[in-house]
Amino acid sequence: MIKNNSKNTNTVASVDGEYTPLFTRNYNVYINHTDAGGIVYHANHLVFFENCRRDWFGELNLNGYFLQTDDGEIQHFVVSQADLQYKKAILLDEVISVRIDKVELKPASIIFYQSIYRHSPDSLSSDYANSNANASSLLSSGKIVIACVQNQVKTKPLSNSKADTAVASATPMRPIRVPKHLRDAIEQAIHEQLNA
């Protein structure tokens, strides 16, 4: 549904004290993102932020949301906090630039600082010579915390079927540490940004 059409950035360059984001992806705004007035529904800012995080994990060759341990346990991420600030309306048929500006790794969670800008066709995502002009097109920003959890799965027999048939029933999830290979990949991307 969402078309990606930009270069991705994993490096940093300073222009008047401004730094490029850790990752940028452009998205088209379609009718299903908007309300009846053609303005992107407020909850869809979270959808764009989520898509950007998933695309970044893809760039890092990670499936960062559903991981399987050697023991067959399923680990994944859930949003535990979202703090958004809406600055300007996002409109139907616009192209927006969704960014991961900064990432903080905690033992059992990852904090993403993200922003959405109005895409300017005369500037590439890796060219920040017009950073002051781009700064005026900030549409929203957010701090999103995703917590790493592990499903606690048990099997139990179905009540209306053969006794040897079992189904998985999910029990509460428990927080766990961010898996080492995911942590290492994110730390390497951050290191590349800081030392570029």
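These entries record what I looked up about one serine and several salt bridges in a predicted model.

**Basis.** I worked on a predicted model, in which local features need pLDDT of at least 70, side-chain atom pairs count only at pLDDT 80 or more, and totals for chains, interfaces and linings use all residues. Residues are numbered from 1 along each chain as its sequence is written, and side-chain values use heavy atoms, with hydrogens and water left out.

**Entry 1: S140.** I located S140 in strand β8 (residues 138-157); strands are DSSP runs of E with at least two residues, helices runs of H or I with at least four, numbered from the N terminus. S140 has a relative accessible area of 0% and is buried (under 20%; exposed is over 50%, partly exposed in between, with a 1.4 Å probe and protein chains only). I listed its contacts (heavy atoms within 4.5 Å), leaving out residues up to four places away in sequence; among them are H45, F49 and Y86.

**Entry 2: salt bridges.** I counted six salt bridges, each a side-chain nitrogen of Lys or Arg within 4 Å of a carboxyl oxygen of Asp or Glu. R25 pairs with E59, the closest N and O atoms being 3.4 Å apart. This pair links distant parts of the chain, from strand β3 (residues 23-28) to helix α1 (residues 43-59), 34 residues apart. R25 is buried at 9%, whereas E59 is partly exposed at 39%. I also found R25, D55 and E59 linked in a network of salt bridges.

**Entry 3: within helix α1.** E50 and R53 form a salt bridge at 2.5 Å, N to O. Both lie in helix α1, three residues apart, about one turn of the helix. I noted E50 as partly exposed at 24% and R53 as buried at 1%.
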